[in-house]
Amino acid sequence: VYKRQLQEGVAFVEGAYLDGTQTTITISEHGNVVKTNKFHNVTQFWNSGDFEGLVREKLGRNLVESLEIMARNELITTTYLRYSEAGAGATPTSRATIAADDLMLPIYGDKSRTLLMSRNALGLNDGANSIACVIHPKQAYDIRRDAGEDWKDVVTYAQPGQMPRGEEGMVNGVRYVLNNFCLLENAGVTVAQGQLDAATVKGQGGPDSDEAGLLNYVTLGTGEGASFSVGDRVTIHKQSLGTAVLETDETAETREIIQISTDNVYFDQPLFVAHSATDYVTNARDVYAAVVIGGPGLVWGVGALPSVIVPPIIDDFGRINRVSWYGIFDYHMLRDVYTEVWLSAASI
């Protein structure tokens, strides 16, 4: 009921109403830990001798990045998921059909702005009813290039206290904010794929792995090494989750190939996770997610705020230092009418 015609002599009317619903979300425990030996403090001079401080800083960064990835993964579950169709080929219908020239352009941000406005999805409360689009720096390059003189640098319109961290500029009323976690590495069309011939261990595959008594390579199936080239950035991921690289695979690792010897592949860094035999090694087109936000669609359900913890030393010799983070929380899309996501390639 938008209005009522009042009647003389009627003191009370039924009036307008507010509707509401109760929503239940599930939260779970999350955390990680780094363990070091006091021996490292004595024999290393990392971080000007403050090795424990370095570990705390890295663990804190692990917490921040974990939250970023969890938020991104939830945002791209929106039902308003779209694909850039800038290329000359067929319109993409999935990650695997995004072509190299299907770039993120300003017109898509403008389209989402129009659609969000038409759904009354304006709730950023900055006084200007702005739409924010979180993008990868490579997407920003394509947007700036296509926008030309229409691109407005952030310093020309925003007050410092009102600038989100990473905001770079505006086109057609859409404010673009940079975030490296908009990258979904090797998530597009497959270029080359193989499988591990044997299980790997932590620390294997890197240039200095042999100094720790480990193999400095991983072995693929017979003849599969020829599918890859030096310089390829490949993702090692769970075979049980299928052939596509998924952002929800917590064990997935991306490495650059620096040498290939038959089916032995050498990486620029060692593996940090043990991988099972037959896990996939995939080189595919990178996919980039542009998250257009008109209001509070994503919620953070918290039972216990994540925080860094320094447990007491309890081993027999008092030499094992541990630093961890722990929290009970999860992200959920509560009202995805406030969010649209464009998946695209990038020209760089």
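Student: Which helix do Glu 65 and Arg 61 both lie in?
Tutor: This is a predicted model, where local features need pLDDT of at least 70, side-chain atom pairs need 80 or more, and totals for chains, interfaces and linings use all residues. Residues count from 1 along each chain as its sequence is written, and side-chain values use heavy atoms, without hydrogens or water. Glu 65 and Arg 61 sit 4 residues apart, about one turn, in helix 2 (helices are DSSP runs of H or I, at least four residues, strands of E, at least two, numbered from the N terminus).

Student: What N to O distance do the side chains of Glu 65 and Arg 61 have?
Tutor: Glu 65 is partly exposed at 32% relative accessible area, and so is Arg 61 at 37% (buried is under 20%, exposed over 50%, partly exposed in between, with a 1.4 Å probe and protein chains only). Their side chains form a salt bridge (Lys or Arg side-chain nitrogen within 4 Å of an Asp or Glu carboxyl oxygen), with N to O at 3.2 Å.

Student: How many residues apart in sequence are the parts that Arg 95 and Glu 247 tie together?
Tutor: These two side chains make a salt bridge at 2.8 Å, N to O. Arg 95 is in the loop between strand 2 and helix 3, and Glu 247 in the one between strand 10 and strand 11, so the linked parts are separated by 152 residues.

Student: Is Asp 142 buried or exposed?
Tutor: Asp 142 pairs with Arg 145 in a salt bridge at 3.6 Å, about one turn away in helix 4. Arg 145 is partly exposed at 49%. Asp 142 has 2% relative accessibility, so Asp 142 counts as buried.
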